[in-house]
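Thanks for coming. I will go through one model today, starting with the overall numbers and ending with two residues.

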Amino acid sequence: MHLPFLGPRHAKKAEAALSADPEAVAELLSECELLRSQADRAGVRLDDTPASLEALDQMVPRWRDDPEILPWLGHDAGLYLGTVVVRTVPGAAWQIRPDGEPVVRLASGRAVEVVPAGQEWAANGVPELSQRYAEIAET
């Protein structure tokens, strides 16, 4: 999570504070405002469960026609996938890499890059978010 609006002096301090409070990180990364807005318009309730990922997979991808929305929606989809993993898979937690990217760290120690998965889903529909979740939860 790169925080350029804080400026170089304060960005490292803010990232360290976020890393020190896992609940604050989880809350911040779960916002996914654009995705939640699109889902709400489609009548899909995002309740941070695996079933909501299945519902997202069934949405008509109208965002693919808008090149300005597509990358942001994909980013949100990845963060939402990570949110569901963190809230439902025992031992999973957010971690901020040194480059500022959020990843999900599983109890096994494996780091999962969820943002690229969300971007692929938003652009192509595959892999489905529910399928990706199943793969992550299985390990």
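**Overview**

Of the 139 residues in the protein chain, 41% count as buried, where buried means under 20% relative accessible area, exposed over 50%, and partly exposed in between, with a 1.4 Å probe and protein chains only. This is a predicted model, in which local features need pLDDT of at least 70 and side-chain atom pairs count only at pLDDT 80 or more, while totals for chains, interfaces and linings use all residues. Residues are numbered from 1 along each chain as its sequence is written, and side-chain values use heavy atoms, with hydrogens and water left out.

The protein chain exposes about 7800 Å², and carbon and sulfur atoms supply 54% of that; accessible areas come from the Shrake-Rupley method with a 1.4 Å probe, and for residues only the protein chains shown count as cover. The secondary structure comes to 7 helices and 3 strands, taken as DSSP runs numbered from the N terminus (helices H or I, at least four residues; strands E, at least two). Along the sequence the pattern is α-α-α-α-α-β-β-β-α-α. Contact here means heavy atoms within 4.5 Å. Among contacts between residues at least 6 apart in sequence, 56% join residues at least 24 apart.

**The sheet**

The 3 strands make an open sheet in the order β1-β2-β3, with antiparallel pairing; two strands pair if DSSP finds at least two bridges between them. β1 and β3 (111-112) are at the edges with a single partner strand each, so one side of each has no neighbour in the sheet.

β1 and β2 (residues 102-105) run antiparallel and are joined by 4 bridges. A93 stands opposite R105, and W94 stands opposite V104. The two strands form a hairpin with 5 residues between them, and G100 in the turn has a positive phi of about 95°.

Helix α5 lies across β1 and β2, at about 130° to β1. For that angle, axes are lines fitted to C-alpha atoms, for helices over the stretch in contact, and angles run from 0 to 180 degrees between N-to-C directions.

**The core and V85**

A nonpolar core is a set of buried Ala, Val, Leu, Ile, Met, Phe, Trp, Tyr and Cys residues joined through side-chain atoms within 4.5 Å. The largest one has 35 residues, and those touching the most other members are L35, L56, L81, V85, W94, V104 and W121. Elements giving two or more residues to this core include α3 (33-41), α5 (70-88), β1 (93-96) and α6 (114-124). The largest share, 8 residues, comes from α5.

V85 is found in α5 and is buried, at a relative accessible area of 1%. What does V85 touch, not counting residues up to four places away in sequence? A92, V104, L106, Y133 and I136. V85 and T49 are 36 residues apart in sequence and 8.5 Å apart in space, C-alpha to C-alpha.

**R64**

R64 is in the loop between α4 and α5. Is R64 buried or partly exposed? Partly exposed, with a relative accessible area of 32%. Leaving out residues up to four places away in sequence, R64 touches L70, W121, A122, A123, N124 and G125. The C-alpha atoms of R64 and A123 are 6.3 Å apart, with the two residues 59 apart in sequence. The R64 side chain also reaches the backbone oxygen of W121 at 3.3 Å.

Definitions and conventions: A polar contact is a pair of N or O atoms within 3.5 Å; within protein, one must be able to donate a hydrogen and the other to accept it, and residues adjacent in sequence count only if both atoms are side-chain atoms.
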